[in-house]
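Could you walk me through this model in the viewer, one selection at a time? I would like to know what to click on next and what I will find there.

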Amino acid sequence: MKYMLLIYTDEHAWTDAERNQCYEDSTKLTHELNAQGQYVSANPLHPVATATSVRIREGRRMVTDGPFAETREQLGGYFLIEAQNLDEAIEVAAKIPGARKGTVEVRPVLEIPGLPQ
Amino acid sequence: MTEDVTTPVQTQVDAIYRSESRRVFATLVRLLGDFDRAEEALHEAFALAVEQWPRDGIPANPRAWLVSAGRFRAIDAMRRRARFDASLTALAERLEASARTAANELDDDAIQDDRLRLIFTCCHPALSPEAQVALTLREVCGLTTEEIARTFLTAPSTVAQRIVRAKTKIKNAGIPYEAPSRSDLPERLDTVLHVIYLVFNEGYSASSGEWLTRPDLSGEAIRLGRLLIELLPEPEPEAEGLLALMLLQESRRTARVSSTGEIVLLEDQDRSLWNREQIAEGVALVSQALASRRFGPFTLQAAIAATHAEAATPEQTDWGQIAGLYGVLAQVVSSPVVELNRAVAIAMRDGPAAGLALVDSLLQQGELSEYYLAHAARADLCRRLGKSAEARASYERALRLTRQEPERRFLERRLRDLPT
């Protein structure tokens, strides 16, 4: 099964040094996961100040500045992994550096047919 | 009209259903990989038994017979449905292949492991506490949705929805049908113990309603506690501590409520009504758990209950030991309720004035200001110190905070008895 691990933290709570350390530790983790055949992809995201929201209403495209929802903690990055079951996914989630400051939401990926490989 | 004649074989099938159906179910979940499919297969297997056993006799190993009948019925059903859903063909073939190859998957050890898997899956921390309780009572204890709804005073549709949602999450989120690894065991066991204690407490001190206790649920929780100890691969002191705690509380059930449904306080209880057998078992379990030196809050609470149980009269209670145990407990779990109990024990050891000072400082911290027992305890200490006006104010405050009829009546009685 594939699991999406979404990392939510208060993006202002990180110092530059902490952020760089987090990138370094996360990169190390991606290599560990890759060696175990669990890695699909992972990336940090730019701050929500760079977010743009798009919706179609009554056939018209509406583009607005900002994230989908203003919250105290923001989506800061993600890991997409391969795991046998939820317990394995939770184990990986607990290794993500962002979990120490924020929250990692574990979401099973719904597999639908017809997507490009 | 024909008379309903119950043949000896039918009686035996009924008995086998009662003793085996949950074991068979736990194994079918593993073999079929799905709760609903296992439930259906279980009913199919018993339907077949009712048909065949009166004719062919009861098989030597009914459990293995039922598992195997259920499994093949499920595979047949899958093949029939495969005409509409091609993905089932592959699944049916895989299940059939594994049925032919794995020889030892139905031995007693494997079936024991399945029951443990079932408990840990129903109490998985990724499920909400309400879902854990409902699912455990439904799947491990075999209670019907209606029975669960009745005991928790909720609508059957609410319970049914909770169970359906939980099963959907198990399936879609990929919650494994496994007992936890050794490193995860302490955390996961903790969740299981809390679910069992929630069930017990709902039976021992119903959170609302006319009656103070619901014995069925407490009995179910004690059975679960025993089952868990029997199934765990190694002795777990806290599981023993929890069983001890439940037995020691249960031992006082008949003494706790008067014939007219009124609360009887520990100090006023007729101790000859206490169940000696449960006390003896509880005390032995506590000593065992304490000796392990790996005990936790359940064992400590059980040790406190055991100290009460061992006093022949209220005056003989070892309040020094109880205050000490609450002190240790307060270090393990920081909880204002534990602090309140410790204050009451200190009042018994050192006099009401010492207790009142502690209770007042606890109330000042604010967390207990809406907790009726804190005000009832304060009222009681004031009463013993002869401060009637303060006692009255605190009893009245407690009365406004309680939702349970017998508790209300008790507080009203205390208020009436105060000197004016």
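Here is a short tour, stop by stop.

This is a predicted model, in which local features need pLDDT of at least 70 and side-chain atom pairs count only at pLDDT 80 or more, while totals for chains, interfaces and linings use all residues. Residues are numbered from 1 along each chain as its sequence is written, with chains lettered from A and ligands numbered from 1 in the order in which they are written.

**Domains.** Start by colouring chain B as domain 1 (8-106) and domain 2 (323-420); such bounds come from an automatic or database domain assignment. Their centres, taken over C-alpha atoms, are 56 Å apart.

**Helix pair.** Next, select α9 (residues 185-204) and α11 (residues 237-250) of chain B, whose axes are 10 Å apart at an angle of about 5°. α9(B) and α11(B) are therefore roughly parallel (angles under 35 degrees count as such). Axes here are lines fitted to C-alpha atoms over the stretch in contact, and angles run from 0 to 180 degrees between N-to-C directions; helices are DSSP runs (H or I, at least four residues).

Show the side chains too: Leu189(B), Ile196(B) and Phe200(B) are among those in α9(B) that meet α11(B) residues including Leu242(B) and Met246(B).

**Leu28(B).** Now centre on Leu28(B): beyond its neighbours within four places in sequence, its contacts (C-beta atoms, placed from the backbone, within 7 Å) include Ala38(B), Leu42(B), Val67(B) and Arg71(B).

**Between chains.** Finally, show both chains: five residues of chain A are in contact with six of chain B.

Terms used. Contact = placed C-beta atoms within 7 Å. Helix = DSSP H or I, 4+ residues; strand = E, 2+ residues; numbered from the N terminus. Parallel < 35°, antiparallel > 145°, perpendicular 65-115°, else oblique.
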